[in-house]
Amino acid sequence: MSSALEIKNLHAAIGDKPILRGLDLTVPAGEIHAIMGPNGTGKSTLSYILAGKDDYNITEGSVTWNGQDLLAMEPDERAQAGVFLAFQHPVEIPGVASLTFLRAALNAQRKGRGEAEISTPDFMRLVKEKAATLGISMDMLKRPLNVGFSGGEKKRLETLQMTMFTPSLCLLDETDSGLDIDALRVVSEGVNSLRAPDRAFLVITHYQRLLNYIVPDKVHVMAGGRIVRSGGKELALELEKSGYAEYGTDAA
Amino acid sequence: MSEDGGNSKNMTIQLPIRENATPAEKQLAALYSQNAESLPGADVPGVRAWRDAGITAFAEAGLPHRRIEEWKYTDLRTLLPQADDIANDMPEAPDFLVREEPDVYRAVFIGGRFRADYSTVQNAPGVTFRSLREALNDAATAAEALARLPLAEYNAEHDSVTQLATAFATDGAMLAVAPGIKLDKPLHLVFIAAGTAAEIHACRSALSLGEGADVSLVETHAGTGAAQMFTTLNLNIAGNATLRHARLDETPDARHLSAVVANLEAGAAYDPVHIVAGGALTRAQNHITFNGEGARYNFNGAMLLKGREHADFTQVVDHTVPSCESRETVKSVLDGESRGIFQAKVIVRPDAQKTDGRQLANGLLLSETAEFDAKPELEIYADDVKCNHGATSGALDEDMLFYLRSRGIPTDEAKSMLILAFVGEIIDQIEDEAFREILMAKARDWLAKSGAGHS
């Protein structure tokens, strides 16, 4: 069985308004693919649909990950099966300490896979090790999840989750937005450390900048709710020069 | 059980019962007439007049109803359709009282009676304690006790809680903490609704803190009895004294009407945290008066309600002097057809410049049929003041839920996390760590039992 994310003829709408119009995409395990495109073309919608947000009507098409029908699974089941979305805008959750959240999430994923809960010492060791490489202090992790965090801190915390949960399908939605150059480097190093033959990445970005740090195997251009062009990493540089004018600026 | 010598047997009072009195009003008046002679202190001068004043005021005004502003959302004419009998027997102590030995100075009341056999409050250093029953039965102490338990309250005419607690008082805790005392352990007042019969429990308590005293008070109302509870607590907090007051109401089948009346002198602090974890009908009214400058009041309240439960926090905070600070924060978790109410009236008198008052109410509605009513009220007669209020009400945040689920956390667990986080912000205000842990466990327990929010 091929290890890959396979999206076939995906159509999706918000209410009556179509956003995705027959999107086809295959990302094999071991590769990093980037999706670029103008604003409002449905890039973030795609990432939410893959993670299981139920604000969308999926009218046609299929999505499988390692042969499993993702669209038939609940968001928590997808996470347990290895899907991880690094949010463009991580949600603030007052009253839930980041550390408490990390442990609950890790254990929920383990439980979903039939594994035992992680012990407290093992958990603390894991958090401390991964947090240190991302420049996250333990004080920050005692604070409520994302509450009052800067844009950079939020993205670091998303990356910390990715390195702790070791998902097999990583979806990065505009991870570079709101990052200064230092944070961008730290976050990219975190992502690159996860590159592995059994892991696939889909990196959504508006700008080429991120792809200097996370070098993709393939670049796809999305416009009008579909992939309209695919190529190697050099395509990103070309887009940086020419812009998205020829692809239109709106999905409609 | 008559405690008098028979010489006052014929002093039957003629009660001015209002026209169209409800069945409960008539029953309560009749109950009083039948039992007044056997209540504590019946043959001690002054006691009977004190009770009579309570029942007379009640008979004249009747139960409060929705057109009385302080009772807008808790209409006792419909919510209290009938009165229960007065508790007579001495029920057994529930298991947990015997088992549990928290590190506190405890005064236990079961079925509205003080139980010395379960209490340790007598050992608290610098604290004098007497049960109200004992104080009222003794001519040498009754007058002083009565002086500490006045009938007058804000809008006293319609204060059924204090009126009925006074008329039917069977007991209560009379506590005084000497100046400068910093208690090493909390004082713990335990009120148990025990037994199976529907019955009235009425307790009036008073606690005075001397200058500079520093005390943690824990108050719990527990038990599965279907009691009608009337409880009041009169607080006098002297200059620069501090009172932290953590309270848990967990009486699922009881109708509990309670009042706290607090007077704060200069530099005093009163910090109550009040959690209602279920109750058929709960009314908790606080009437706070600042008598000295630089005093502060910080109320944090949470309710966890389901089914057809009804809880009402109503507060009146009276700033009579300058430079005092008041805070009222309430969070309500409401499931089923429950109803949560938070009313807060802040009065800023002409002299009370530099008043700082804030109110915040948040309702978390777990069902379509639950209801949260928040009514802030500012009555400001001074010009240099900072006062504001805010209220929100809504379901669990869908974006937060999705975020947690996208990390592998199943829906029910994610909802529980968010509900606990919501009330946790109130529980976190409790300074005493042991009691804070107990309350967090209660909240988790409530969620597990109620299955609140579980689809």
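Reader: Two strands pair if DSSP finds at least two bridges between them. How many bridges join strand 4 of chain B to strand 5 of chain B?

Author: The model is a predicted one. In it, strand 4 (residues 127–131) and strand 5 of chain B run antiparallel. One facing pair has B:Phe129 opposite B:Leu175 of strand 5 of chain B. The number of bridges that join strand 4 of chain B to strand 5 of chain B is five.

Reader: Which residue is the bridge partner of B:Ala176 in strand 7 of chain B?

Author: Strand 5 of chain B also runs parallel to strand 7 (residues 199–209) of chain B, with four bridges joining them. In strand 7 of chain B, the partner of B:Ala176 is B:Ser208.

Reader: How many of the five residues of strand 5 of chain B are buried?

Author: A residue is buried if 20 or more other C-beta atoms lie within 10 Å of its own. By that cut-off, strand 5 (residues 173–177) of chain B is mostly covered, and its buried residues number four.

Reader: Which strands stand at the edges of the open sheet of chain A?

Author: The sheet has six strands in the order 6-9-10-3-11-12, with mixed pairing.

Reader: Which residue of strand 10 of chain A is the bridge partner of A:Ile32?

Author: Strand 3 (residues 32–36) and strand 10 (residues 200–204) of chain A run parallel and are joined by four bridges. In strand 10 of chain A, the partner of A:Ile32 is A:Phe201.

Reader: What angle does the direction of helix 6 of chain A make with that of strand 6 of chain A?

Author: Helix 6 of chain A packs on the sheet, where it touches strand 6 and strand 9 (169–173) of chain A. With the direction of strand 6 of chain A, the direction of the helix makes an angle of about 165°.

Reader: How are helix 4 and helix 6 of chain A oriented to each other?

Author: Helix 4 (residues 120–133) and helix 6 (residues 151–165) of chain A pack at about 130°, with their axes 10 Å apart. The contact is made by A:Leu126, A:Val127, A:Lys130 and A:Ala131 of helix 4 and A:Leu160, A:Thr163 and A:Met164 of helix 6. Their crossing is right-handed. Angles from 65 to 115 degrees count as roughly perpendicular and those over 145 as roughly antiparallel, and the two helices of chain A are therefore oblique.

Reader: How are helix 9 and helix 10 of chain B oriented to each other?

Author: Helix 9 (residues 411–427) and helix 10 (residues 433–450) of chain B pack at about 150°, with their axes 10 Å apart. Helix 9 of chain B passes helix 10 of chain B in a right-handed crossing. The contact has eight nonpolar, two polar and two charged residues. Angles over 145 degrees count as roughly antiparallel, which makes these helices of chain B roughly antiparallel.

Reader: Which element gives the most to the side of chain A that touches chain B?

Author: The contact takes 19 residues from chain A and 17 residues from chain B. Helix 2 (75–80), strand 7 (93–97) and helix 3 (98–112) of chain A each give two or more residues to the side that touches chain B. By class, that side of chain A has eleven nonpolar, six polar and two charged residues. With five residues, the element that gives the most is helix 3 of chain A.

Definitions and conventions: Residues are numbered from 1 along each chain as its sequence is written. Chains are lettered from A and ligands numbered from 1 in the order in which they are written. This is a predicted model: local features need pLDDT of at least 70, side-chain atom pairs count only at pLDDT 80 or more; totals for chains, interfaces and linings use all residues. Axes are lines fitted to C-alpha atoms, for helices over the stretch in contact, and angles run from 0 to 180 degrees between N-to-C directions. Angles under 35 degrees count as roughly parallel, over 145 as roughly antiparallel, 65 to 115 as roughly perpendicular and the rest as oblique. A crossing is left-handed if the near helix is turned anticlockwise from the far one by less than a right angle, and right-handed if clockwise. Two residues are in contact if their C-beta atoms, placed from the backbone, lie within 7 Å. Ala, Val, Leu, Ile, Met, Phe, Trp, Tyr, Cys and Pro count as nonpolar, Asp, Glu, Lys and Arg as charged, and the others, Gly among them, as polar. A residue is buried if 20 or more other C-beta atoms lie within 10 Å of its own, exposed if 12 or fewer, and partly exposed in between; C-beta atoms are placed from the backbone.
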